[in-house]
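Please walk me through this structure, one region at a time. Keep the explanation brisk.

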Amino acid sequence: LISIDLANALLFTAFALTWTGARVFDHRRPRPVLLFGGAMLWLIASRIPGFADSFDVRVLVSSGIITAYTWATAYEFWRGRSEPLVSRWPVIFMLFAHGSLYLLRTPFGDMLPWLPTGNQVFESVWLTVLSFEALLFTIAIAFILLAMAKERTEHRHKTASLVDPLTGVANRRAFLQDGE
């Protein structure tokens, strides 16, 4: 059980790294305490006897940690919305939807009759749904984040071509472009 707890702590740290990457993308400093906060919470909680024995509570807490980091990542991208990047909005939507799916995992697991209960995780339809969604999410978010980085670079180059680097005033090209 200790190796499973360490694997879960590593998983939570991966979600925290995504959140930290979003902070760094928008020129905010990383928060090391919060980077490892979810993993530390999990490792401490897994030492509590009632927590360690309850599968449903473990799923609820792990889903909550993943959702918190995913929504925090979406929030970081939303905070930087003043930068005119069109690809920022699909990233925010996808992160919010991904976090919502993880958060709804526990209530739906109890409500849907076609899902097995207890520790029969590998027979659950949720494992298939979450695995498929995670695969599609990973591929889509990678492409969109790459597009957002490319879009930022293009925006910076365009801005640099329209502003005099010494004075910061719009140059002749910007004047003619605005005049049209």
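The model is predicted. Begin with aspartate 5. Aspartate 5 sits in helix 1, which spans residues 2–25. Is this residue buried or exposed? Its relative accessible area is 1%. Buried means under 20%, so aspartate 5 counts as buried.

What does the side chain of aspartate 5 meet there? Another, of 3.4 Å, runs to the side chain of serine 46. Now set aside the neighbours within four places in sequence. Aspartate 5 is then in contact with Trp42, Leu43, Ser46, Arg47 and Arg58. Trp42 also belongs to an aromatic cluster: ring pairs link it with Phe12 and Phe51.

Turn next to the second largest pocket. Its space comes to about 240 Å³. The lining holds 17 residues. Thr18, Thr73, Leu95, Phe137 and Ile141 are the ones nearest the centre.

Which helices build this lining? Helix 1, helix 5 (55–79), helix 6 (88–103) and helix 8 (125–162) each supply at least two residues. Helix 1 gives the most, with seven residues. The lining has eleven nonpolar residues and six polar ones. No charged residue takes part in the lining.

Now look at the rings. A pair of aromatic rings is described by the distance of the centres and the angle of the planes. How many aromatic pairs does the whole structure hold? A search finds seven. One of them joins phenylalanine 15 and tyrosine 102, with ring centres 6.3 Å apart. Their planes stand at 70°, so the pair is edge-to-face; the cut-off for that class is over 60 degrees. This pair links distant parts of the chain. Phenylalanine 15 is in helix 1 and tyrosine 102 in helix 6, 87 residues apart. Both phenylalanine 15 and tyrosine 102 are buried.

Tryptophan 71 and phenylalanine 96 form another pair. Their ring centres are 5.1 Å apart. Their planes meet at 15°, so this pair is stacked; stacked planes are under 30 degrees apart. Tryptophan 71 lies in helix 5 and phenylalanine 96 in helix 6, so the pair ties together parts 25 residues apart in sequence. How accessible are the two partners? Tryptophan 71 is partly exposed, with a relative accessible area of 30%. Phenylalanine 96 is partly exposed too, at 46%.

Key:
Residues numbered from 1 in each chain as written. Predicted model: local features only at pLDDT ≥ 70, side-chain atom pairs only at ≥ 80, totals over all residues. Heavy atoms only, no water. Helix = DSSP H or I, 4+ residues; strand = E, 2+ residues; numbered from the N terminus. Buried < 20%, exposed > 50% of the residue type's maximum accessible area, 1.4 Å probe, protein only. Polar contact = N/O pair within 3.5 Å; in protein donor to acceptor, adjacent residues only side chain to side chain. Contact = heavy atoms within 4.5 Å. 1 Å grid on protein atoms, 1.4 Å probe; cavity = no way out; pocket = protein on both sides within 12 Å on 5 of 7 lines; lining within 4 Å. Points joined across faces, edges and corners; volume = space filled by probe spheres on them. Nonpolar A, V, L, I, M, F, W, Y, C, P; charged D, E, K, R; others polar. Phe/Tyr/Trp six-rings, centres within 6.5 Å; stacked < 30°, edge-to-face > 60°.
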